[in-house]
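Please read it with the sequence and the structure side by side.

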Amino acid sequence: MTKKQNSFTSNLYIFIVMAFMYLPILVMIIYSFNDSKSRGAWAGFTTKWYADLLQNESILTALWNTLIVAVISSVVATLLGTAAAVGIQAMKKRNRELIMNFTYLPVMSPEIVMGVSLMLLFVMFGVDFSLFTVIVAHITFNVPYVILSVLPKLRQMDKYLFEAAMDLGCTPLQAFMKVMLPEIMPGIISGFLIAFTFSLDDFNISYFVSGERAQTLPVLIYSMTRKRVSPEINALSAIIFVVVLTVLIITNLNDVRKEKQLQKGGRRG
Amino acid sequence: MKARIAAAPYLLWAALFIIIPMGLVGWYAITDMDGNLTLDNFSASMRFAPVIGSSVWLAIIATGICLVIAYPLAYMISRKSGIGQRTLILLVMLPMWMNFLLRTYAWMTLLENNGVINRLLGMIGLGPYEMINTPGAVVLGMVYNYLPFMILPLYSVMTKIEPLLIEAATDLGCSPWETMKRVILPLSLPGIATGITMVFVPSVSTFVISVMLGGGSFMLIGDLIEMQFLGNAYNPHLGAALSLVLMAILLLCMVITDMFSNPEEKEGLLL
């Protein structure tokens, strides 16, 4: 009896918190169909904001910028970070700790400080803000996350595997490609995904190094919220929400299916 | 071992884009416009002590509210069935994937003087209330944006707490309250420490939430820094000094949360 009451209160509580998290998003989606420039009043159903959105040059450019930055910076960060992790793992303890300390610096320090520090660097050396500076900044804050997700995999790996491969006639490169890489691949992939999503989502750092011409989507959204009320933002949010929801559902269903297969395989074995 | 060389490109990169920029912040903080060494920037920072104080205070309130909301929620989720946990955690993470500017913008729509909430209240003859451009709105924005950062670490420690442990405590005569205090709370301390850091750091350093929901009339240390670099107040030297003050505050926060979690962990190891 008390158990039932308990689960009722806990379900109610979960429901209330979820409502708090999702009502604002729901309201935004509803208002993306509102035929009025004003945020509060409801003036009938329309899809014109979606049409406006698709014709808005600056939004499309910003979207394109965001994707370019995310792809390039996450690929470079993954290469740089994976190589770094392999090297760091091979170091003596003292050097390793020293390097890990400044690797943690971008992770622990507030984004605004990282943003202004890179801005100072670019201004000091007379580098104009462009997609290039944004990409450099994104690589910088992404590499530590790749290192931090590859290192544990390296630590788990049997260190004699690599030596065994060399003894059996592999060149170091072959040993890396054929033995080490498959072992640490899950870490590399999750590092890449973290880097990619962080890059897509970043505002605080891009804001300081993008200038007028290399705006990413979050930077553009910020300037839109500063200037005037623009219902296109609601439409954009609705689209992003649906895309994210779809991606998450698909990957999650995939995970569930894989787990079930594993369980089946386990039973057979 | 040749493998060490693999880290060389990263070391070069880190030197160029992590160490040198941080050094520049330090250098700017202790020099003036003409390049002379000075401590004026720090004494000028102290003039903004009220702003710094209120940033810390609002961030503490927001972190506290997040903890109070998230703790029972994380516990309840961790006691659900496998598929239930998975779905609920997915629901917690989903809003994180939307840019926080969009989420904050949604609250502008809700809180405005002629916004959704005031219109709904107006229908039943209440209001309008002045909700946006208040410290409360800024705290709400912080709580709303960073709540998942508190829920997730708490959930990940709680889901590892063996249900048998709780059962054992109950069998040995603990009331639910005592079980909470003596078993669940000590075991979840590392999650609390992580959650506090993950909410406090972005809250205390935000410069967007205060502008969007505080209406610019209301400044936080993040806004001060932003103004020194991109605003009318252009003074990177003062901005650099303020950045160092901000980092000092965060370091202090981390030291404190560390003190919280470590002795208990050691105790746990002894048991």
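What percentage of the 271 residues in chain B do buried residues make up? Buried residues account for 42% of them, where buried stands for 20 or more other C-beta atoms within 10 Å of a residue's own, exposed for 12 or fewer and partly exposed for the range in between, with C-beta atoms placed from the backbone.

1. Basis of the model. This is a predicted model, in which local features need pLDDT of at least 70 and side-chain atom pairs count only at pLDDT 80 or more, while totals for chains, interfaces and linings use all residues. Residues are numbered from 1 along each chain as its sequence is written, and chains are lettered from A and ligands numbered from 1 in the order in which they are written.

2. Confidence. The pLDDT is the predictor's confidence in each residue, on a scale from 0 to 100. Chain B has a mean pLDDT of 89, with 95% of its residues at 70 or more. Over residues 264-271 of chain B the pLDDT is below 50, and this stretch has 4 contacts in the model beyond near neighbours in sequence. Where pLDDT is low, the predicted coordinates should not be read in detail. For the complex, the predictor gives an ipTM of 0.88 and a pTM of 0.89.

3. Overall architecture. Chain B contains 12 helices and 0 strands; helices (H or I, at least four residues) and strands (E, at least two) are DSSP runs numbered from the N terminus. The C-alpha trace of chain B spans about 75 × 75 × 35 Å along its principal axes. Two residues are in contact if their C-beta atoms, placed from the backbone, lie within 7 Å. Of the contacts in chain B between residues at least 6 apart in sequence, 71% join residues at least 24 apart.

4. A helix pair. Helix 5 (residues 100-111) and helix 7 (residues 135-158) of chain B pack with their axes 10 Å apart, at an angle of about 140°. Axes are lines fitted to C-alpha atoms, for helices over the stretch in contact, and angles run from 0 to 180 degrees between N-to-C directions. Helix 5 of chain B and helix 7 of chain B are therefore oblique to each other; angles under 35 degrees count as roughly parallel, over 145 as roughly antiparallel, 65 to 115 as roughly perpendicular and the rest as oblique. Among the residues making this contact are B:Trp107 of helix 5 of chain B and B:Tyr144 of helix 7 of chain B.

5. B:Asn133 has a positive phi of about 65° although it is not a glycine. Most residues other than glycine have a negative phi. B:Asn133 lies in the loop between helix 6 (116-123) and helix 7 of chain B, and it counts as partly exposed because it has 17 C-beta neighbours inside 10 Å.

6. The surroundings of B:Met212. B:Met212 belongs to helix 10 (residues 209-214) of chain B and is buried, with 21 other C-beta atoms within 10 Å. Not counting residues up to four places away in sequence, B:Met212 touches A:Thr225, B:Thr104, B:Tyr105 and B:Met108.

7. The interface. The contact takes 55 residues from chain A and 61 residues from chain B. Helix 1 of chain A gives the most to the side of chain A that touches chain B, with 11 residues.
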